[in-house]
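Please look through the sequence and the model below before reading on. The paragraphs that follow take up helix packing and then the surroundings of the ligand.

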Amino acid sequence: MMNPAAPQDIAVIGAGLVGSACALALAADGHRVTIYDPDPPGAGTSSGNAGGIVTGAVVPTATPQVLRALPAYVLDRNGPAVLRLRHASRALPWLWRFIRAGRPAEVARIAAALWPLVDASLAAHRHLAALANAAGMITDEGWLKVYASDAEFAATAPDRALMDRCGVRYQVLDRDGVMALEPGLNPDLAPIGLHQPESGFVRDPRGLAQSHADAACARGARHLRQRVRGVARRPDGVTVHADDGPQDFDRLVIAAGAWSARLARQLGDRVSLDTERGYHIGFGPQTAGLLRRPVGLPALGMVLSPMRGGLRLVSGDELAGLTAPPDFRRIRALVPAAQRAVPGLRGQPVASEWMGFRPSTPDSLPVIGVSPQGARVVHAFGHGHLGLTLAAITALMVADAVAGRPPRVDPAPYGIGRFR
Ligand SMILES: Cc1cc2nc3c(=O)[nH]c(=O)nc-3n(C[C@H](O)[C@H](O)[C@H](O)COP(=O)(O)OP(=O)(O)OC[C@H]3O[C@@H](n4cnc5c(N)ncnc54)[C@H](O)[C@@H]3O)c2cc1C
């Protein structure tokens, strides 16, 4: 019988935002942590996001409005969301669950389950950032969405009803209010805004993951730059088979993002996990000051974020699996619209193009908590569109579970058992 209060040998697979945060929270509790990832911390999907710690993000991806638009998504070769036909048959079981998650009663249930996580997300980030001496990496400019017309804003009333029911705080702004927050926007495109002032912003998400991993290592953790080939349970722990051979641990945390399903399956846990691939285009460092915070422009299908390296045009939701090559045509086609929205971008050359793999469950809820097959295995993946937002609260919940402390958020809605 394991004494949860005693220091344990714990493997964490994955050094993205989620795995690095888990490693820090576990090392801070005194555990001996081994991180497995062939890549540097935060180098993959976690590096390329829009930087939002979105504390009001209770609206799941599947809603009745999204389901109504689904056929157009599939057929429109130039739209922001796409299902690649080659991936369609593999995606069908996930899509079927996605469609069921978009029923009104389910949407209300999922929003209520997201709320305690997103509501605790910024405080959790500040806690871990303080441990990592990285408090300055998280700023509090909030999250702004800008609507092109009254009609477009009115169409989002169901989203605001969900936010109201949960108690999300936001302000509706007129054109002057939007322009006071973001003078770099084109006023003609910004008649109405919705600002969530309590959201946070990370200009360098890869740097944040690196800080967490460094702080974990300063507390005795080690990062093995190896790929995990397989995992197996033992009566008194878990064996990890990596590039350099097998190694035994008391516990295992699966935080391998979009690659987590196969590892979970090897340990007897089934999950519906696909990747919603997303893209960004980066402009040069001289564009970093054109905006102050991430700005969502739903009509244009994009978010514009002033990241450390320059303004980032973020877009795309592509169901195409883990191996198909990126297709940058859609995001390239958005550059003129981004330049219309932020006139200071005109004439600025594209500095980089990027694609990443959101690890997405069909019900927009992450998979957090101990395995139903035994508490030696803890899951921490499936954060979809919210992996930056939820990385720190996930890590604290994982540390609570390992320590046997009362959970700070009831983990019941996030259990992997829901996929049986
Ligand atoms: C375009 C875009 C914009 C986004 N914007 C936001 C935003 O504004 N706010 C927000 O909250 N979220 C956002 N997200 C989502 C967020 O970036 C992701 O949810 C998050 O990065 C997932 O982190 P992760 O640690 O779970 O996965 P990853 O970052 O993918 O890390 C997983 C790690 O596991 C490693 N790994 C996989 N398999 C193995 C193995 N077998 N052995 C060893 N290591 C392995 C990989 O190498 C990788 O480093 C966005 C995503 C995209 C694509």
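At what angle do helix H1 and helix H8 pack, and how far apart are their axes? This is a predicted model, in which local features need pLDDT of at least 70 and side-chain atom pairs count only at pLDDT 80 or more, while totals for chains, interfaces and linings use all residues. Residues are numbered from 1 along each chain as its sequence is written, and side-chain values use heavy atoms, with hydrogens and water left out.

Helix H1 (residues 17–28) packs against helix H8 (residues 205–218) at an angle of about 30 degrees, the two axes being 8 Å apart. H1 is therefore roughly parallel to H8, a term for angles under 35 degrees. Helices here are DSSP runs of H or I with at least four residues, numbered from the N terminus, and axes are lines fitted to C-alpha atoms over the stretch in contact, with angles from 0 to 180 degrees between N-to-C directions.

Turning to the ligand, 35 residues lie around it, of which Asp37, Ser46, Gly52, Gly384 and Thr389 come nearest. An N or O atom in the side chain of serine 46 is 2.5 Å from an oxygen atom of the ligand, and a polar backbone atom of valine 228 is 2.8 Å from a ligand nitrogen atom.

Definitions and conventions: Helices (H or I, at least four residues) and strands (E, at least two) are DSSP runs, numbered from the N terminus. Angles under 35 degrees count as roughly parallel, over 145 as roughly antiparallel, 65 to 115 as roughly perpendicular and the rest as oblique. A residue is near a molecule or strand if one of its heavy atoms lies within 4 Å of it. A polar contact is a pair of N or O atoms within 3.5 Å; within protein, one must be able to donate a hydrogen and the other to accept it, and residues adjacent in sequence count only if both atoms are side-chain atoms.
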